[in-house]
Amino acid sequence: MDTVNPYDCIVVGSGPSGAMCAQTLVESGMKVLMLDAGVPGSIPDDPGHMNFQQFRMQSDAQDLFLLGPSFSTLKWSAAGIGDQLTPQRSYVTDKVKEWLPFKSETFRVMESLAYGGLGGAWGLGCYRFSSKELALCGLPVKEMNDAYQCVSNRIGISYSPDDIFPYTMEGTSALLPAIEPDEIAEDILNTYKKRKDRLHQSGFYLGIPALALLTKAINGRQPTDYSNFDFYSNRGNAAYRPSITLDQLRKNQNFEYRGDSFVTIFNETGEGVEVEGRNMKDGSLIKATAKKLVLCCSAFSTARIVARSFNHFDQPMPLLCNPYSYITAIRLSTLGKVPSPRKTSTAQLAIFHDPQKQNEDVAMASLYSYAALPVSKVLKEIPLGFSDARALMQYILPATVIAGIHHPDKRSEEKHILLKKNPDVKTGDELHIRYALSESEKEIISKRESAFKKAFRILRLLPVKKISPVFGSSIHYAGTLPFDSQGKKLTTAADGLLSGTNNVFVADGSTFQFLPAKGITLTLMANAHRIALEIIKKK
Amino acid sequence: MQLHEEACVLSRYLGRKNPDAQSTRLYVDAVEKIAIPLSGDQKRIWEKCLSHSWLLPSIDAALAWNEPYNPIRNRIFIMLSILETRPDFTHLFLPVRRSPFYLFSITGRLIAAFMKLIIGKIALWIL
């Protein structure tokens, strides 16, 4: 054994990027150490063999299950970031305030120190970036297309080609059959089929989204049972979560997982890299060395580690984040219809807006039914007394669709982060975030939202309320250490190598130069796999 | 008024019957854990609502319109959230099949809600 560098690679972070990168490295025979905070989930998440509706009607234990052990779901404020987290999934943000502090007037961050990272609460939507979008991000098209296929085979994606094929999984084979949509989604699809010419003219395409939720058993995982517990439990591991990959990797002799490890800094040595950090339980210093280091801990946390290591305090780094809003709409013909309990809580439909028909400047909305979260969360938003609001929602809820709209994001000077020293916080520094849209960006977004509303009306969905939550609510963050072929400071080469280093790689979304509106997770995983292949080539 | 009596008033308003023991225990526990400070005026209005429970729906309606995140509504919201998770009350929160007269039912509710809003606004002005 090499006593100086007992590991070929250290991977920092266990989210979708970290898990996928580590799998590729380990499968190539490399010896990998993963350093991770690894905060576990602690709330029982499966009440047994019943569907969500049966559970609601019969279980005497649902209070703890739905409210959380310390009433964590009873937030008394307007809808904000992370409100959709069930008590069973809220562990993904545990300890973040203490260890990953930030300050911002305009932006909110949702980061994770959990085992499996934010992947533990991922909405499971899978969208490939088009060749044009990949090029805008700075990602090599051919390699990414191969990587998408590899990741798709590993995680299992359910999707049957329809009108949104070019925006989701075009170019990928071996897909599983699509998830069955619920009644309201089926109803909307029927309207779409009759009116698609009008919608296509204005650049709208609707279909059932590709999801990392199995409809057939693969790799020891079971298909979804449509019990509607998707964001509480994960029966049969039907939904892909990075923890599934990590649990498999931990059985491999070439892989070592070290939890409670909060990495703060790296130093390049003559023959490799040394990382330092703190044990999150006892505060003791941790150190590890390897030939190479791969940072996979999110656009913010990777930037924190790099800024500390280069002593790059008080200097701006760029930031990308999809502007996000949601529209609540009602389908009047579905008022007062009792829905079937057989459903999933994932997005039922996806609608893409591509007015130029170039698959380059695309906005998208995911359409959800409101069926597996407590109704009281919605009632506080209605301008009626609670008793009347409750009674009305019994009719309205089955007809309610919530559309989360994502817009693409480009870099600008008004979007940046910087790390500032602060001896009063645990890590000795905190991230300051500035994010503002230009007037022209605001105008484009406003026009797009109006176009979506018009499209919803064509689909016989009546928009009743639009909410624009604080910036950052899309939870899609990227671009802090962007790709750059000239090797400027705080940038990354196309193969993931951090400029100014010989053995430090970045394999998360920090490197993207542009952020398409489509969900980012599949591309994060594909890119991490691609970077791992680049590292293997250099071995 | 003791918290368990408060739970009974709120349960009768929101669920049309007294709460079971577990709902009451949860309410007491939640209010103690989630400390909700009420200002002097808010405390006075809250106490009136509890001692004259017929006022509660109107005050709630008026606050929902004027000041939806008022701490008084927070107390009601806590009981509402708890009742939603109790099997005796869950059916009140699940979708109901529409009757042939469901549009009358919805319209009636909206008219009643409007009346409560007016009464509540007057009550808040007086109080």
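User: What makes Asp361(A) buried, partly exposed or exposed?

Analyst: This is a predicted model, and every value here is computed from it. The relative accessible area of Asp361(A) is 33%, and since buried requires under 20% and exposed requires over 50%, Asp361(A) is classed as partly exposed.

User: How do you know that the salt bridge of Lys343(A) and Asp182(A) links distant parts of the chain?

Analyst: The closest N and O atoms of Lys343(A) and Asp182(A) are 3.4 Å apart, which meets the 4 Å limit. Lys343(A) is in the loop between strand S11 (324-330) and strand S12 (349-353) of chain A, and Asp182(A) is in the loop between helix H6 (141-155) and helix H7 (183-201) of chain A, with 161 residues separating them. Lys343(A) has a relative accessible area of 6% and Asp182(A) one of 4%; the threshold for buried is under 20%, so each of the two counts as buried.

User: What ties Glu441(A) to Lys415(A)?

Analyst: Their side chains meet in a salt bridge of 2.7 Å, N to O. Glu441(A) is part of helix H12 of chain A and Lys415(A) part of strand S15 (residues 415-421), so the bridge joins parts that are 26 residues apart in sequence. Both Glu441(A) and Lys415(A) are buried.

User: Why is H1(A) described as largely enclosed by the rest of the structure?

Analyst: Of the 12 residues of H1(A), 11 are buried, and it is therefore largely enclosed; among them are Pro16(A), Met20(A), Cys21(A) and Leu25(A). The helix spans residues 16-27 and reaches 17 Å from its first C-alpha to its last, close to the 16 Å expected at 1.5 Å a residue. Just after H1(A), Gly29(A) takes a positive phi of about 100°.

User: What makes up the interface between chain B and chain A?

Analyst: On the side of chain B 44 residues are in contact with 41 residues of chain A. The area buried between the two chains is about 4200 Å², and carbon and sulfur atoms give 62% of it. The rule finds 22 residue pairs in polar contact across this interface, both residues being at pLDDT 80 or more. Several helices of chain B each supply at least two residues of the side that touches chain A, including H1 (3-15) and H7 (102-126), but the largest share, nine residues, comes from H5(B). The residues of that side of chain B divide into 25 nonpolar, eight polar and 11 charged.

User: How many salt bridges are counted between chain B and chain A, and which residues are linked in a network?

Analyst: Five salt bridges are counted between chain B and chain A. In one salt bridge Lys116(B) meets Asp388(A) at 2.9 Å, N to O, a value within the 4 Å limit. Asp60(A), Asp63(A), Asp20(B) and Arg86(B) are linked in a network of salt bridges. Over all chains the count by this rule comes to 37.

Note on methods:
Residues numbered from 1 in each chain as written. Chains lettered and ligands numbered in written order. Predicted model: local features only at pLDDT ≥ 70, side-chain atom pairs only at ≥ 80, totals over all residues. Heavy atoms only, no water. Contact = heavy atoms within 4.5 Å. Buried area = accessible area lost by both parts, 1.4 Å probe. Polar contact = N/O pair within 3.5 Å; in protein donor to acceptor, adjacent residues only side chain to side chain. Helix = DSSP H or I, 4+ residues; strand = E, 2+ residues; numbered from the N terminus. Nonpolar A, V, L, I, M, F, W, Y, C, P; charged D, E, K, R; others polar. Expected span 1.5 Å × (residues − 1). Buried < 20%, exposed > 50% of the residue type's maximum accessible area, 1.4 Å probe, protein only.
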